[in-house]
Amino acid sequence: MADQLSPDEKLQLITRNLQEVLGEEKLKQLLQERELKVYWGTATTGKPHVAYFVPMSKLADFLKAGCEVTILFADLHAYLDNMKAPWELLELRVKYYEQIIKAMLESIGVPLEKLKFIKGTDFQLSREYTLDVYRLSSMVTEHDAKKAGTEVVKQVEHPLLSALLYPGLQALDEEYLKVDAQFGGVDQRKIFTLAEKYLPSLGYAKRVHLMNPMVPGLTGAKMSSSEEESKIDLLDSKEAVKKKLKKAFCEPGNIQNNGVLSFVKYVVLPLRGELCIKRDPKWGGDKVYTEFEEVEKDFAAESIHPGDLKASVEDALNELLEPIRTKFASPELLQLTNAAYPDQCKMNKNICIS
């Protein structure tokens, strides 16, 4: 398919639903010359939740546009971020992330053979990389390092030195992964601008940066692994999905900070192409939407009831989650889950196995 797309069509696929692109002119130029090399990194900390389908749907767009896509499991970053992943659990967390991310990609029909998977510590402990960390540390001010990590690294009263190293390592990853572009959430914008400012000082090229918007959670704020009420876990049962969606913030006519609507925009429609709202005939009967603007307009006009929207999203979500639940029901992956997240295992003794 990508061979039949023009550079402009590839650009449209790569940038659709993004909040911001830094270096768009360079991106256009690269697409005129060859396929784009892009990477997405994820720190292996808390368990991924359904908001991860947002970057997954963009990875699908990148592949359709012919991009070479690398997924980085950033284990060292997870440790540097206020030790969110204890050193002794790093390897287990990476294995869990790899299995769950691959299961997500399979559930949305993304061919894994077109992706490259790499672990941070596979290259971040090399002599060359380590020397570049020191070189970068001699250039980056404490102010710039702290500012870059404010929306990504956990903020505490007495920050560790590791928190200041985190943004610089993410900048260096662009060079060591030999990519043209880095993709991430708009919360990483300050890290991206730090990379643009300092990589040329090391003699390395400035990269393109592609940014997703931050998707509201079920409570209206950012969906977070650490806030149980804000998220739907990828292994939640159908009953749990129904219960959490029922309590989700979704006021009639209110299109602001609406996590249910956002899921339709960034996941359901890009992946499925349509959303069917099932309604009683007396309320106009079922209606199929292919454009988010129409969904948003009807919801704002209260032509779509929050209960009907939630029911449709529930169906779509369970369709995405079922293959993941099935895969992780195996004894091996249950054991991996419990070993990687022992604290959650203690809280959920009924699903733990030895």
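Me: Where is threonine 44 found?
Reply: Threonine 44 sits in the loop between β2 and α3. Bear in mind that this is a predicted model.

Me: Why is threonine 44 called buried?
Reply: Its relative accessible area is 0%. Buried means under 20%, so threonine 44 counts as buried.

Me: And what does threonine 44 touch, leaving out residues up to four places away in sequence?
Reply: The list is Phe73, Ala74, Asp75, Ala78, Ala85, Arg93, Val94 and Tyr97.

Me: How does the chain get from β2 to β3?
Reply: The path goes through helix α3 (residues 53-64), making a β-α-β crossover that is right-handed.

Me: Why is that crossover called right-handed?
Reply: Picture the strands pointing away from you: a crossover is right-handed if the path from the first strand over the helix to the second runs clockwise.

Me: In what order do the strands of the open sheet come?
Reply: The 6 strands come in the order β1-β6-β5-β2-β3-β4, with mixed pairing.

Me: Why do β1 and β4 stand at the edges?
Reply: β1 (20-22) and β4 (115-119) each have a single partner strand, so one side of each has no neighbour in the sheet. From one strand to the next, the twist averages 25 degrees.

Me: Which helix lies across β2, β3 and β4?
Reply: That's helix α5 (residues 90-107), which runs at about 145 degrees to β3. Glutamate 106 is found in α5.

Me: Why is glutamate 106 called partly exposed?
Reply: Its relative accessibility is 44%. Buried is under 20% and exposed is over 50%, so glutamate 106 falls in between. Apart from neighbours within four places in sequence, glutamate 106 is in contact with Leu112 and Lys327.

Me: Which residues of the largest nonpolar core touch the most other members?
Reply: Out of 75 residues, those are Phe53, Ile101, Leu210 and Leu309. Not counting residues up to four places away, leucine 210 touches a list that includes Ile14, Val38, Phe62 and Phe192. There is also a second, separate core of 33 residues, with Leu76, Phe123, Tyr129 and Val153 among them.

Me: What makes lysine 178 and glutamate 175 a salt bridge?
Reply: The N to O distance is 2.8 Å, and the cut-off is 4 Å, so the pair counts as a salt bridge. Lysine 178 is exposed because its relative accessibility is 51%, with the limit at over 50%. Glutamate 175, at 11%, is buried because that is under 20%.

Me: How do you know that glutamate 175 also bridges to arginine 207?
Reply: Here N to O is 3.0 Å, which is within 4 Å, so this is a salt bridge too. The pair links distant parts of the chain: glutamate 175 is in helix α8 (residues 161-176), arginine 207 is in the loop between α9 and β6, and they are 32 residues apart. Both residues are buried.

Me: What does the salt bridge between glutamate 314 and lysine 242 tie together?
Reply: Its closest N and O atoms are 3.1 Å apart. Glutamate 314 lies in helix α13 and lysine 242 in helix α10, so the pair ties together parts 72 residues apart in sequence. Glutamate 314 is buried at 13% relative accessibility, whereas lysine 242 is partly exposed at 48%.

Me: How many salt bridges does a search of the whole structure find?
Reply: The search finds 19.

Definitions and conventions:
Residues numbered from 1 in each chain as written. Predicted model: local features only at pLDDT ≥ 70, side-chain atom pairs only at ≥ 80, totals over all residues. Heavy atoms only, no water. Core = buried A, V, L, I, M, F, W, Y, C linked by side-chain atoms within 4.5 Å. Buried < 20%, exposed > 50% of the residue type's maximum accessible area, 1.4 Å probe, protein only. Contact = heavy atoms within 4.5 Å. Helix = DSSP H or I, 4+ residues; strand = E, 2+ residues; numbered from the N terminus. Pairing = 2+ DSSP bridges. Axes fitted to C-alpha atoms, helices over the stretch in contact; angles between N-to-C directions. Salt bridge = Lys/Arg side-chain N within 4 Å of Asp/Glu carboxyl O.
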